Amino acid sequence: MRRKAQRLGVHMLNVRKDLSAGNGVGATDALIEFAAGLRWSDLDAAVKHAAKRHVLDTLGAIIAGAAGDLANRVEGVLGGVRVAGQVVVPGRKRRADLLDAAFISGTAGHGTELDDGYRLGSVHPGVPVVPAIAALAYEKHASGLRFLEAAVIGYETICAVSRALHPDMRRRGFHPTGVVGVLGAATASARLLDLTPNKIANALGIAASSGAGLFAFLNGGADVKRLHAGHAAREGLQAALFAANGIEGPPKVFETVDGFAQAFAFGQDAASRNLTLSPGAPFGITDCYVKPYACCRHLQPAVEALIELMKANFLRTEDVKDIKVETYSIAAAHAHTDWADFASAQLSFPYIMALGLKYGWIKLEHFKAETRQDPEVTRLCKLVHVEATPEMDALYPQNRPAKVTVTTSRGVFRKEAMEALGAPELPLSDDRLGQKFLDLASPSLGADYARRILDDLWRLDSVGDIVPLFDAMRPQ
């Protein structure tokens with residue numbers, strides 16, 4: 001036993017050495033310095049513009065998700081045990097207290113599968129960060145500039161940490177959004193609270209113990225996936241509030257023995273745990289994608305390839321005899337996910353490919369019961385066969401590869417994709433992103449209000465108090 005403990009101790013010393021951010025600065029200290037030192041005025045135009053894009057995109061997803069059944073049920077539970085608060089939850093009439101507002105917004109934002117993401121960490125940064133700082137900024141009457149500043153800090157925390165721990169964390173069964181998201185919500189909230197570096201350290205130390213979320217939802221019960229984002233937003237915000245009130249957390253929590261990295265992604269290749277922040281790496285927020293389709297991002301390159309292949313070759317649905325997808329293992333894990341419920345259908349590889357085949361696009365309305373139970377859709381699902389290959393695994397996560405082979409009565413057609421629309425290399429234009437926001441927000445808020453809100457979000461850094469803007473996001 002003693003020899004085993006000694007071996008573990010030596011290995012963890014190596015991990016602590018490798019879990020640095022350069023110049024001998026530990027990973028946790030690097031995160032603290034970044035969160036305390038970043039200034040909006042120091043950021044270049046690309047980072048500023050990306051921050052506005054991702055904030056407005058996340059708020060659109062929150063507003064749309066807030067009208068959904070899951071948000072109704074979550075609010076019903078919380079409303080049954082607590083009185084309403086004063087904080088606006090975008091897209092909902094009932095106000096909530098600070099922590100409930102963050103939780104409901106995070107859950108709602110992740111509830112449509114239209115929120116942003118970061119491929120290199122397999123994580124959704126927006127839905128933990130934006131709900132946490134939206135609730136806090138509303139209570140504090142913060143400016144739009146400070147809101148954006150905090151958003152960049154939260155995104156960078158999540159991107160840097162998830163990048164350092166991926167893919168090990170995901171392969172161990174953890175959902176990175178719930179696990180790492182809590183750290184981003186904590187640093188972003190800490191910045192809005194003007195916490196000292198010592199208190200930011202405590203916020204991270206506290207938040208790290210709240211990282212949670214299992215990928216078991218691929219086997220059903222996918223509602224819990226949405227709750228992970230709400231949990232991360234609430235717990236990260238709460239950790240910052242605790243730290244502000246003098247409650248302490250363990251120091252150097254990312255790299256320490258029994259700390260965050262060891263718990264969630266400890267492996268033999270410790271060198272892969274290097275954590276890099278700007279200027280050592282580009283800002284993560286400039287490398288995040290936005291989603292044009294309401295389904296899991298891992299499935300989107302394949303379905304996009306299928307849609308393009310059908311159009312380019314003038315194929316009809318009835319021509320198709322078989323669809324074979326070769327992709328990377330993490331994506332292929334969705335091959336056996338059922339489509340019996342709304343949330344699971346958005347993660348089901350056969351169902352998403354069947355929708356692409358039948359409709360040529362993926363919309364929220366395609367996940368209603370009548371479509372999921374359509375015998376024709378079920379028949380098309382049975383045509384889809386997905387497998388992981390070493391070739392595809394070698395390309396991920398630098399790419400998100402898929403090779404689609406369609407066998408038809410007219411012959412065999414093939415198409416490969418390395419990414420899908422909305423990635424930095426295949427960007428969604430500002431106009432299309434704005435239209436996405438209007439499509440998501442208008443049903444709840446009305447077209448005129450949605451347009452005014454969108455205009456204000458594009459100039460968010462000049463908004464002196466975000467309260468009137470968020471008040472406009474409350475349905476009348």
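Helices α3 and α5 sit roughly perpendicular to each other, a label that covers angles of 65 to 115 degrees, while under 35 degrees counts as roughly parallel, over 145 as roughly antiparallel and the rest as oblique. Helix α3 spans residues 45–66 and helix α5 residues 98–110, and the two pack at an angle of about 95 degrees with their axes 7 Å apart. Here an axis is a line fitted to C-alpha atoms, for helices over the stretch in contact, and angles run from 0 to 180 degrees between N-to-C directions. Helices (H or I, at least four residues) and strands (E, at least two) are DSSP runs, numbered from the N terminus.

On the α3 side, the contact (heavy atoms within 4.5 Å) is made by Ala61, Ile62, Gly65 and Ala66, and on the α5 side by Ser105, Ala108 and Gly109. Sorted by class, that gives four nonpolar, three polar and no charged residues. In this scheme Ala, Val, Leu, Ile, Met, Phe, Trp, Tyr, Cys and Pro are nonpolar, Asp, Glu, Lys and Arg are charged, and the others, Gly among them, are polar.

A word on the source: this is a predicted model, in which local features need pLDDT of at least 70 and side-chain atom pairs count only at pLDDT 80 or more, while totals for chains, interfaces and linings use all residues. Residues are numbered from 1 along each chain as its sequence is written, and side-chain values use heavy atoms, with hydrogens and water left out.

Next comes helix α6, residues 126–140. Its 15 residues reach 20 Å from first C-alpha to last, close to the expected 21 Å, which is 1.5 Å times one less than the number of residues. Helix α6 is mostly covered, with 13 of its 15 residues buried; buried means under 20% relative accessible area, exposed over 50%, and partly exposed in between (1.4 Å probe, protein chains only).

Aspartate 258, with phi near 65 degrees, lies in the loop between α11 (223–244) and α12 and is exposed at 63% relative accessible area. Phenylalanine 314, at about 50 degrees, belongs to the loop between α13 and β1 (320–327) and is exposed too, at 69%.

Cis peptide bonds turn up as well. One runs from histidine 166 to proline 167, with omega near 10 degrees, and this proline 167 sits in the loop between α7 (144–165) and α8 (168–171). Another joins serine 278 to proline 279, again with omega near 10 degrees; proline 279 is in the loop between α12 (260–265) and α13 (300–312).
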